[in-house]
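We will go stop by stop.

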Amino acid sequence: MEKLSNANFPVIADQKTVLIALTVPLSATAVAQVTCDDVLAMARPFAQAPEFAYSWIREMIGMLKIVVDYSEETHHDQLVRNSLLQLCLSILNHLSFRGDFKPRSLDNKFAMLALSVRNIFVVITVASNTPMGFKEKLNPLDDPEVVDAVTGCTKWGISLLAWITDSLFQLLDDPEIMAMLADAKRFPELAKCLQSKGDVSLQLLLCSSTRGFLSAACRRLMHVETVSNRAAQYYETHVQQHQQDPAAAAAAGARPHPALYQAYQRMVRAVSSGLVKVSEFDRLLSDLSSDIHAAYQKTFSGLNAAKMKPQHANLTEQQQQQLNEQFARKAQMHCELDMLLGRNVPPGFREVLLKFFTVTLPAFRSQTDPAKLYFANYDLLEMEDSPRAIATRKALGRYVDVFKRVELTVGPRAARTNGRMGNGAANNNNNNTNNNGPAKRTAAATGGEEMMTRGSGNHNGVAGMLIYGNWTGIGGGNGPQWRRCVRCGAVMGDIWSGKPGYNFVLGQQRKCVCGGSWGTVPRG
Ligand SMILES: [Zn+2]
């Protein structure tokens with residue numbers, strides 16, 4: 001019998017029993033659509049046990065018959081609505097979460113990115129649609145704050161596409177990876193090799209659900225491109241009109257709303273700053289999807305169920321055909337489950353990957369600037385986990401708002417006084433970093449406005465607190481508070497405002513991107 005134990009929780013238990021004991025109540029909460037954070041809290045002590053998260057997710061997928069194979073789906077609606085798949089990713093994310101400013105494990109990177117891509121798709125979709133049930137026609141994108149939220153999600157999305165592209169180019173230049181693809185005997189080493197390199201880009205592309213999320217996000221990003229182009233044209237025409245004949249333009253109500261105009265200008269800048277063409281990336285995903293579909297067909301079309309289970313040998317031809325199809329679907333589902341959990345890539349994918357790395361990707365590279373991609377700033381994704389990058393993030397108290405996808409920079413932890421905005425002098429002699437430079441760069445990078453500035457920002461002697469970003473939240477006398485996810489520690493700064501369009505979009509964030517509940521806490 002396999003036993004479970006770990007140093008933090010000295011329990012020795014039968015793994016299968018523990019998994020069933022956790023899966024049964026979790027299934028009940030999933031069916032009733034109520035929170036399961038208490039079950040996750042019970043599971044957390046086992047997080048360090050080897051294979052625990054994988055085994056639990058496999059158990060859940062089997063027990064609840066969760067769909068994980070989207071290799072034949074062209075529409076993304078079912079995928080995005082698959083709340084049980086979201087729960088599986090959430091469990092993976094939660095059990096691999098090590099805390100703020102700690103290096104992310106491969107599982108954590110994969111699960112967090114998958115959940116975030118799904119969420120930016122949801123936010124952009126909701127913001128682009130007129131809600132039902134409002135007396136007056138309401139367009140959320142008439143609200144500058146909604147436009148800013150969409151811009152933040154767009155920036156995050158195009159940054160992710162660039163980051164994945166850069167990671168793939170690094171794999172392309174890696175002779176070890178190419179040798180594994182060229183040699184069928186070495187191909188099974190690929191998953192382990194990617195794990196040792198800490199690379200999730202290929203897993204995100206090969207797993208059909210995450211590829212589907214990426215493709216769905218690409219379609220939304222292209223929609224944002226269209227909206228921003230239309231807005232730019234509209235404002236160009238109306239600003240010209242206003243300059244030429246202010247009186248007539250004002251009478252016709254043509255004067256653009258300044259805040260909305262500026263918000264759309266920010267959107268145009270965000271869209272035009274992309275290092276990878278979204279439509280080209282989407283084509284890359286579509287080509288890969290068709291190759292994978294063909295590889296599955298080739299691998300499993302000749303599968304004969306009767307050969308494997310002789311008791312089925314006496315069935316009619318039609319029954320055998322149906323059985324063979326069931327077998328093929330099940331085998332495909334197992335391959336997809338393995339890829340979802342970062343396990344071995346099916347042997348039938350070797351030719352697909354060989355074509356991808358020798359034909360498709362080099363052609364894609366010729367349309368990009370690899371040097372710009374390599375040196376680009378991917379801080380928004382929070383994927384850089386070198387000790388230096390983590391130390392910088394920690395020193396600045398830098399977080400990313402999961403709704404607006406803007407960086408929030410709070411002063412150093414040691415300088416805070418119980419979450420209050422402090423002007424006092426809390427000496428921190430161990431930290432000699434001058435905060436002014438990087439903090440200013442962050443404000444410029446996020447396009448946010450400096451909302452509050454207290455203190456000089458020099459950590460060495462002054463408890464300077466700098467908050468950047470467009471804060472709209474309410475809070476106590478000390479300013480707006482944060483929401484933090486009880487499962488993954490994600491941060492969100494916005495709380496309800498009086499604007500119906502904004503509230504409608506924000507309503508989609510009643511839960512964190514991982515499905516966890518929010519707790520209200522002081523900033524930082
Ligand atoms: Zn969360």
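Select H1 and H3: the two helices cross in a right-handed sense. A crossing counts as right-handed if the near helix is turned clockwise from the far one by less than a right angle, and as left-handed if anticlockwise. H1 covers residues 15-32 and H3 covers residues 52-64. Helices (H or I, at least four residues) and strands (E, at least two) are DSSP runs, numbered from the N terminus.

This is a predicted model: local features need pLDDT of at least 70, side-chain atom pairs count only at pLDDT 80 or more, and totals for chains, interfaces and linings use all residues. Residues are numbered from 1 along each chain as its sequence is written.

Stay with this pair. The axes of H1 and H3 come within 10 Å and cross at roughly 50°. Axes are lines fitted to C-alpha atoms, for helices over the stretch in contact, and angles run from 0 to 180 degrees between N-to-C directions. H1 and H3 are therefore oblique to each other. On this scale, angles under 35 degrees are roughly parallel, over 145 roughly antiparallel, 65 to 115 roughly perpendicular, and the rest oblique.

Now show the side chains between H1 and H3. From H1, pick Gln-15, Leu-19, Leu-22, Thr-23, Leu-26, Ser-27 and Ala-30. From H3, pick Ser-55, Trp-56, Glu-59, Met-60, Met-63 and Leu-64. Two residues are in contact if their C-beta atoms, placed from the backbone, lie within 7 Å. The contact of H1 with H3 has eight nonpolar, four polar and one charged residue. Ala, Val, Leu, Ile, Met, Phe, Trp, Tyr, Cys and Pro count as nonpolar, Asp, Glu, Lys and Arg as charged, and the others, Gly among them, as polar.

**The loops around H2**

Select Gln-33, in the loop between H1 and helix H2 (37-43). Gln-33 has a positive phi of about 55° although it is not a glycine. Most residues other than glycine have a negative phi. Is Gln-33 buried or exposed? Gln-33 is exposed, with 8 other C-beta atoms within 10 Å. A residue is buried if 20 or more other C-beta atoms lie within 10 Å of its own, exposed if 12 or fewer, and partly exposed in between; C-beta atoms are placed from the backbone.

Move on to Glu-51, in the loop between H2 and H3. Glu-51 is not a glycine, yet has a positive phi of about 70°. Glu-51 is exposed, with 12 other C-beta atoms within 10 Å.

Select helix H6 (residues 106-127) and helix H11 (residues 208-244). Their axes come within 9 Å and cross at roughly 35°. The crossing of H6 and H11 is left-handed. On H6, show Ala-114, Val-117, Arg-118, Ile-120, Phe-121, Ile-124 and Thr-125. They meet Thr-210, Phe-213, Leu-214, Ala-216, Ala-217, Arg-220 and Val-224 in H11. The contact of H6 with H11 contains 10 nonpolar, two polar and two charged residues.

**Two single residues**

Select Glu-325 in helix H16 (residues 317-340). Glu-325 counts as partly exposed, with 14 C-beta neighbours inside 10 Å.

Next, find Gly-397 in the loop between helix H19 (387-396) and strand E3 (398-400). Gly-397 is buried, with 24 other C-beta atoms within 10 Å. Gly-397 and Val-410 are 13 residues apart in sequence, but 4.9 Å apart in space, C-alpha to C-alpha.

**The sheet**

Select E10, E9 and E11. They form an open sheet of three strands in the order E10-E9-E11, with antiparallel pairing. Two strands pair if DSSP finds at least two bridges between them. Strand E10 (491-492) and strand E11 (518-521) are the edges, each pairing on one side only.

Strand E9 (residues 482-485) pairs with E10 over two bridges. E9 pairs with E11 over four bridges. Arg-484 has Val-491 of E10 as its bridge partner.

Turn E9 over. Trp-482 and Arg-484 on one side and Arg-483 and Cys-485 on the other are all buried. In a regular strand the side chains alternate between the two faces of the sheet.

End at the hairpin of E9 and E10, which has five residues between the strands. In this turn, Gly-489 has a positive phi of about 75°.
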